[in-house]
Amino acid sequence: MSEEEKDIVAITSGMSDEELAEIHSELNKDKHPPTLGFLKAPLVFVFLFGSLIFACAIQLAHTTNEFRVHPPKPAVNLTPEQVEEERMKRKLASGLKVYEAKCIACHQSTGLGQEGQYPPLKNSKWVLGDAGIISKIVLKGLKGEIQVLGKTYGTAIPMPPPPDLNDRAIADVVTYVRQAWENNASEVTEEQVAVFREEVSGRTDLWSGPELMELYPDSFSEN
Ligand code: HEC
């Protein structure tokens, strides 16, 4: 035992357990002097990891489109021409559907119809002339003899008006017919068809060819 130890024993020998515990806890309160440079290391790490997390968060935000699970579709800025092109494409696609349901059985997918029975729609003046002609044929039907591209039709069976077609469907199908198979007549709008429908609302009979030729003489002038 060293002298120092002997001193400690001398001091503490008369103490109770409580007093000893009290002294120890007092001694424990004395802080260890800070080790040189000890605090700097964790600070550097805190800064490093902080910067790393920050950089990663920015990167994540960029690559995940601001953390959205379902990022909105990028807004496409269509030019007015593209919007118009898109609208026309849809109209023609819808017109084709109506054609397939209501016209194709007689006039065929080629628009050439059938010799002696069903007149062709390709290149026909009845189709390419005033929009009122084809629209009114679809609205009210057509009977009796007509000439289409120098050939006679309508002697065998008439064309009944296809049922259940609203203004929009008629506008779509006649526009389709006027622009299919190299036909290049103007678009027919729903509003135009509404006017045509109004014009013929009192009519119960099918049209005859001569009646329509009289209504739209300009369309048949160079016959
Ligand atoms: C049941 C058969 C049949 C169906 C279906 C039919 N047509 Fe016709 N279509 C005819 C016949 C037959 C004629 C000639 C009628 C006549 O002159 O008496 C005709 C004539 C026409 C004409 C005038 C002549 C020409 O060839 O240019 C047009 C335009 C026309 N149809 C368009 C249509 C359109 C559009 C549809 C569908 C919405 C349609 N047709 C559905 C039988 C049909």
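**Loop residues, ligand, core and overall form**

Me: How many C-beta neighbours does N123 have inside 10 Å?

Reply: N123 has 14, so it counts as partly exposed. The cut-offs are 20 or more other C-beta atoms within 10 Å for buried, 12 or fewer for exposed, and partly exposed in between, with C-beta atoms placed from the backbone.

Me: What kind of model is it, and what is the numbering?

Reply: It is a predicted model; local features need pLDDT of at least 70 and side-chain atom pairs count only at pLDDT 80 or more, while totals for chains, interfaces and linings use all residues. Numbering starts from 1 along each chain as its sequence is written.

Me: Back to N123. Where is it, and what is its phi?

Reply: N123 sits in the loop between α5 and α6. Its phi is near 70°, a positive value, and N123 is not a glycine. Most residues other than glycine have a negative phi. Helices (H or I, at least four residues) and strands (E, at least two) are DSSP runs, numbered from the N terminus.

Me: What about L149: where is it, and is it buried or exposed?

Reply: L149 lies in the loop between β2 and β3 (151-153). It is exposed, because 11 other C-beta atoms lie within 10 Å. L149 also has a positive phi, about 50°, without being a glycine.

Me: And L112, which residues does it contact beyond its neighbours within four places in sequence?

Reply: P120 and K122; contact means C-beta atoms, placed from the backbone, within 7 Å. L112 belongs to the loop between α5 and α6. It is partly exposed, since it has 15 other C-beta atoms within 10 Å.

Me: Changing topic. Which residues come nearest to the ligand?

Reply: C103, C106, P119, G154 and M159, out of 29 around it (C-beta atom, placed from the backbone, within 6 Å).

Me: What is the make-up of that shell?

Reply: There are 22 nonpolar, five polar and two charged residues. Ala, Val, Leu, Ile, Met, Phe, Trp, Tyr, Cys and Pro count as nonpolar, Asp, Glu, Lys and Arg as charged, and the others, Gly among them, as polar. Elements that each supply at least two shell residues include α7 (131-140), β1 (142-143) and α8 (167-179).

Me: Which members of the largest nonpolar core touch the most others?

Reply: I134, I137, V138, I170, V173, V174 and V177, in a core of 29 residues. Such a core is a set of buried Ala, Val, Leu, Ile, Met, Phe, Trp, Tyr and Cys residues joined through C-beta atoms within 7 Å. α4 (80-102), α6, α7, β2, α8 and α9 (190-199) each give at least two residues, and α8 gives the largest share, seven. Leaving aside neighbours within four places in sequence, I170 contacts S135, V138, L139, L165 and V193.

Me: Zooming out, how many helices and strands does the chain have?

Reply: Eleven helices and four strands. The radius of gyration over C-alpha atoms is 46 Å, well over the 17 Å from the globule rule for 223 residues, so the chain is more spread out than a compact globule. That rule is 2.2 Å times the number of residues to the power 0.38. The C-alpha trace spans about 140 × 35 × 30 Å along its principal axes, and 21% of the 223 residues count as buried.

Me: What are the domains?

Reply: Domain 1 (3-31), domain 2 (34-67) and domain 3 (80-220), with bounds from an automatic or database domain assignment. The centres of domain 2 and domain 3, taken over C-alpha atoms, are 73 Å apart.

Notes: Two residues are in contact if their C-beta atoms, placed from the backbone, lie within 7 Å.
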